[in-house]
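Please consult the sequence and the structure while reading.

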Amino acid sequence: MVTVASHEHGQVGSSNWYQWFFIAFLIYLLLVAVGMIGGGFKAATGDQAKELFAFASNPVTALVIGMVATALIQSSSTVTSIIVGLVAGGLPVGIAIPMVMGANIGTTITNTIVSLGHVRRGEEFKRAFAAATIHDFFNLFSVLIFLPLEIMFGFLQKTGAWLSSFLIGGDSMSMKGFDFIKPLVKPPITFMQDTFGGIGLSEQVAGTLLIIFGIALIFFVITFIGKLLKVLMVGRAKEILHSAVGRGPVSGITSGTLITVLVQSSSTTTSLVVPLAGSGVFSLRQVYPFTLGANIGTCITALLAATAVTGANAIFALQIALIHLVYNVLGVVIIYGIPFLREIPIRSAQWLSTLAVKKKLYVALYIGCVFFLIPLLAIALSKALGL
């Protein structure tokens, strides 16, 4: 028996080693993909990137772009990585900031959908729906506080600029001349650019193709990393979750951050607790800090993507990735740290879940209005007000 057990353990270890190696390769592909988007965007637009995204200079429009794109793709990691690539290609940081805020809101639709699995069991659905929508309300509330402040004072843009200059000295990701990313990601990008050029494609067409291939590659990488990490980590993640949630807010936020870094998906992290909240294992107040940790943990993908960018725009790519992190940390510190503000997402989620149990139509109205109708009305209103 011991021999058989040892043999099986050896097989599992060998299998894990292979899977971790594949994950390392996928992370390399992620860096290449972001480099492709940045290089392609720069080639396709020349110096006209700002003019190309002039339609999104309205911050509400930019917010909705990030939000709807994430709701449709169901992955804030993918959308923020693409945004980092676009900033590397010339998209102004000021336009990208509302986009990453919108990505935070768009990603919450996944756990709301997960909660619908409990829809046939009244009290269970009420608890699960409240656990899912508390994340929605927190992110919506965070935007309501920070977006107007950012429009008025630009404090996130300034903080991100200071941090990125401090980290890389205002030059590039070269770490004082030692550029260890560029030699790794440059060869496949150069090969594709040379191949497109060799078959007679114009610079604009070649750049557009690079963007398309880069986005497709990010989809592929995020999907497979998510699947592999779920296999490797979800069992362990559940152990962390059971041992950490319910031991206070700091433990909840830390474990939410850690698990999201491990599985590279805030949707997975927040969706993990919805069934447990529905079954009554955890209360709404215990789940709340854990979901906030997911907001912080998901920033790791954009930071990783920023390391792929080289050249003059590298500092801006790092700046938007750091802004994403600062925004999410500030949201937790201020909203969760002030007792009055902390209660608003809790009471909102409780109120909505009570309505949803009484009439399921409210669930459809909530998803349709929050994720699609209200954003479109907000764009129309902001344009009417000349913002």
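Q: In which helix is L167 found?
A: The model is predicted. Residues 155–168 form a helix, and L167 belongs to that stretch. The helix is α8.

Q: Is L167 buried, partly exposed or exposed?
A: The relative accessibility of L167 is 49%. Buried residues lie under 20% and exposed residues over 50%, with partly exposed in between. L167 therefore counts as partly exposed.

Q: Which residues make the nonpolar surface patch of about 400 Å²?
A: L167, partly exposed at 49%, is one of the residues of this patch. The patch is made by W162, F166 and L167.

Q: How are α7 and α8 oriented to each other?
A: Helix α7 covers residues 122–153 and packs against α8 with the axes 6 Å apart. The angle is about 75 degrees, and angles of 65 to 115 degrees count as roughly perpendicular. The two helices are therefore roughly perpendicular.

Q: Which residues of α8 make the contact with α7?
A: On the α7 side, the contact involves F146, L149, E150 and F153. Their counterparts in α8 are F155, L156, Q157 and K158.

Q: At what angle do the axes of α15 and α16 cross?
A: Helix α15 spans residues 314–337 and helix α16 residues 339–358. Their axes come within 5 Å and cross at roughly 95 degrees.

Q: What distance separates the C-alpha atoms of T254 and A294?
A: T254 lies in helix α11, residues 249–263. Along the chain, T254 and A294 are 40 residues apart. Their C-alpha atoms are separated by 9.0 Å.

Note on methods:
Residues are numbered from 1 along each chain as its sequence is written. This is a predicted model: local features need pLDDT of at least 70, side-chain atom pairs count only at pLDDT 80 or more; totals for chains, interfaces and linings use all residues. Side-chain values use heavy atoms; hydrogens and water are left out. Patches are made of residues with over 30% relative accessible area and no salt bridge: like charges are joined within 9 Å, nonpolar side chains (Val, Leu, Ile, Met, Phe, Trp, Tyr) within 5 Å. Accessible areas come from the Shrake-Rupley method with a 1.4 Å probe; for residues, only the protein chains shown count as cover. A salt bridge is a side-chain nitrogen of Lys or Arg within 4 Å of a carboxyl oxygen of Asp or Glu. Helices (H or I, at least four residues) and strands (E, at least two) are DSSP runs, numbered from the N terminus. Buried means under 20% relative accessible area, exposed over 50%, partly exposed in between (1.4 Å probe, protein chains only). Axes are lines fitted to C-alpha atoms, for helices over the stretch in contact, and angles run from 0 to 180 degrees between N-to-C directions. Angles under 35 degrees count as roughly parallel, over 145 as roughly antiparallel, 65 to 115 as roughly perpendicular and the rest as oblique. Contact means heavy atoms within 4.5 Å.
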